[in-house]
Amino acid sequence: MKINIKPSFGRIYKKLSHSEKSQIDEKIKELFDYYNKNILFAGLRVRKMSGKDNYFEIDTASNRRILIRKQKDLIEFIAYGNHDEIKRLLK
């Protein structure tokens, strides 16, 4: 599985606190364990975005979400934000 980190995600990630970065890193690790080893963690909540092909959101703590796009063997990390920010970005 390959990854691509979009500049929009990278800019947001750099500004986060250490604890938020740790939460995101843990969710990313769980996501890759799922895709590479077929290990599904109970806390990994991945949902398909309605009306958007290949777009998914991963819930993290503090009511924040990671927006990803999955294609064959590539996962793109697009954005990180609350529900409204993610919805606004997809319009």
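**Group meeting: the sheet, its helices and the cores**

What we have here is an open sheet of 5 strands, in the order E1-E5-E4-E3-E2, with mixed pairing. Its edge strands are strand E1 (2-5) and E2, each of which pairs on one side only. On average, neighbouring strands of this sheet are turned by 30° against each other, direction ignored.

Some housekeeping. This is a predicted model, where local features need pLDDT of at least 70 and side-chain atom pairs count only at pLDDT 80 or more, while totals for chains, interfaces and linings use all residues. Residues are numbered from 1 along each chain as its sequence is written, and side-chain values use heavy atoms, with hydrogens and water left out. Helices (H or I, at least four residues) and strands (E, at least two) are DSSP runs, numbered from the N terminus. Two strands pair if DSSP finds at least two bridges between them.

Now the pairings. E1 and E5 are parallel, with 4 bridges, and Ile-3 stands opposite Ile-75 in E5. E3 and E4 pair in the antiparallel sense over 5 bridges. They form a hairpin with 5 residues between them, and Ser-62 in the turn has a positive phi of about 65°. E3 is also joined to strand E2 (residues 46-48), by 3 bridges, and these two run antiparallel. That hairpin has 6 residues between its strands, with Gly-51 in the turn at a positive phi of about 80°.

Is E3 mostly covered or mostly open? It is mostly covered: 5 of its 5 residues are buried, where buried means under 20% relative accessible area, exposed over 50%, and partly exposed in between (1.4 Å probe, protein chains only). In a regular strand the side chains alternate between the two faces of the sheet. In E3, Tyr-55, Glu-57 and Asp-59 point one way, and Phe-56 and Ile-58 the other way.

On to the helices. H1 lies across E1, E4 and E5, running at about 50° to E5. Helix H3 (residues 83-90) packs on the sheet, touching E3, E4 and E5, and its direction makes about 125° with that of E5. Contact means heavy atoms within 4.5 Å.

The axes of helix H1 (residues 7-15) and H2 come within 8 Å and cross at roughly 135°. Axes are lines fitted to C-alpha atoms, for helices over the stretch in contact, and angles run from 0 to 180 degrees between N-to-C directions. H1 and H2 are therefore oblique to each other; angles under 35 degrees count as roughly parallel, over 145 as roughly antiparallel, 65 to 115 as roughly perpendicular and the rest as oblique. Phe-9, Tyr-13 and Lys-14 in H1 meet Lys-21, Ile-24 and Asp-25 in H2.

Last, the cores. A nonpolar core is a set of buried Ala, Val, Leu, Ile, Met, Phe, Trp, Tyr and Cys residues joined through side-chain atoms within 4.5 Å. In the largest one, which has 14 residues, Ile-24, Ile-66, Ile-68 and Phe-77 touch the most other members. Helix H2 (18-37), strand E3 (55-59), strand E4 (65-71) and strand E5 (74-81) each supply at least two residues. H2 gives the most, with 4 residues. Apart from this core lies another, of 7 residues, among them Leu-67, Ala-79, Ile-86 and Leu-90.
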